[in-house]
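Hello,

Here is the structure I promised to pass on.

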Amino acid sequence: MSSGNQNVILLSMDALRADHLSCYGYERNTSPNLDKLANQGILFKNAYSASSHTREAVPAILTGRYPDEAINSNYHRARDTVATHLKQEGYTTAGFHSNPFVSRAYGFNDGFDMFDDDLHLGKHKLIALAQRALDKLRNRHYARADEINERSLDWIDSLDSDQPFFLWNHYMDPHGPYEPFDKYRALYHDEPVSDRRAQKLYKRAINFPESISNSERKLLIDLYDAEIRYTDKQVKEFIDILNNRGLLNDTLLVITADHGDAFGERGYYEHPRYVHEELTRVPMIVIDPDCGAKTVETPVNTIDVVPTLLDAAETNADLPGRSLLEFASEPSVNRTIFMQARGEKENSHLRRFAARNEDAIGYATYNLEAEEIVAEEVDDEELSCKLEAYIQERVAEGETQAADSDRDEADEEIERRLAALGYKE
């Protein structure tokens, strides 16, 4: 299907829900450039993340396995990433991002020749302190998309022209607190909003969702959409540069997100440990030089990303997912896919699951202490049976074990970043 030794590029966005992109029917023009890419490539209308938050969702994307296989009980990587597989096929590999949860501290640099997680782990203490002070002065919680682009393009420039490469860029900009650049901040909201107000509102939405008024909810959405528009522009600039260098003629490109974000639809904001539609439905766009434009309705999962990337190297790794390119070449099928999320804090004994096909969705919770499955909101009996069988399979394989702790000890730099992103007080 694909010629060997294609370059492989995976672009993922943090907290980008599909229904806030124009190509998925959103009423605002938040994604003109992603829309163009969707028109040129394969748009998967029913794509879902394997989980609802980064610690389980990104490992599933990178390993091609469900979260309880991809990571151990303390969220450290437990299986090979796609970088390891492609490196074995002769690829040079690199990853650029700034999410602490998938950093070197958790073993996610496995298989990468170059891995820039924007953290100062292991650096000289004075250098780390100086960088931290500068970040605080600039109100910088993560590397912006333009920084990720610049770093990754510099890396591509360092390669030999005949060297096949795998590149993973993960953009944090849609993740809260929503603080778009001034140029974008005014796109959807008429009044000035300071960074401090945006940060306080985001934290209050997480901790006290019932206190958020309709106008405050609208403001959160306005700022979120502005972050999406900025990210969309940065993806365009990155793609344009690759195109100008002739690199896209022999490159498989996959664009997706790790999970979505909630805006009070079910009484909560951000992306807590549930598996509802607004948290798990993500964009999925594939551009392959050998495939034309197409829209695919078959439900797909982010665990299908790795088999797709391995297609470029004409290899596979005995994974539970399927190549997205296969779905593009066959009629739509009513496939069943699954999502899952570990509970945390007082709900650490719970594992939440969802099953989805083209027509229906079902939810269920497994209680580790009571060893029982409680079905919720299941509107299709056949789907309900598949979901229960899937949960029993996970239990039988011992994959739903309790975590040793909600969060193990982490580097001070990681703790600081997590607090800025709303994960810690």
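Strands here are DSSP runs of E with at least two residues, helices are runs of H or I with at least four, and both are numbered from the N terminus. Two strands count as paired if DSSP finds at least two bridges between them.

Before going on, a word on the source: this is a predicted model, in which local features need pLDDT of at least 70 and side-chain atom pairs count only at pLDDT 80 or more, while totals for chains, interfaces and linings use all residues. Residues are numbered from 1 along each chain as its sequence is written, and side-chain values use heavy atoms, with hydrogens and water left out.

Eight strands make up an open sheet with mixed pairing, in the order 5-4-6-1-7-10-2-11. Strand 5 (114-116) and strand 11 (294-296) are its edges, each pairing on one side only. From one strand to the next, the twist averages 10°. Angles run from 0 to 180 degrees between N-to-C directions, with axes fitted to C-alpha atoms, for helices over the stretch in contact.

Helix 9 lies across strand 1, strand 6 (165-171) and strand 7, at about 170° to strand 1. Helix 1 (residues 32-40) lies across strand 1, strand 2 (42-44), strand 7 and strand 10 (284-287), at about 55° to strand 10.

**Helix 8 against helix 9**

The axes of helix 8 (residues 195-207) and helix 9 (residues 214-244) come within 11 Å and cross at roughly 115°. On the helix 8 side, the residues in contact (heavy atoms within 4.5 Å) include Leu201 and Tyr202, and they meet Glu216, Leu219, Leu220 and Leu223 in helix 9.

How many residues of strand 15 (residues 361-367) are buried? Seven of its seven are, buried being under 20% relative accessible area with a 1.4 Å probe and protein chains only, exposed over 50% and partly exposed in between. Strand 15 pairs in the antiparallel sense with strand 14 (residues 350-356) over seven bridges, with Gly362 as the partner of Ala355. A hairpin of four residues joins these two strands. Strand 15 is also antiparallel to strand 16 (residues 372-376), over five bridges, and there Ala364 is partnered by Ala375.

Best wishes
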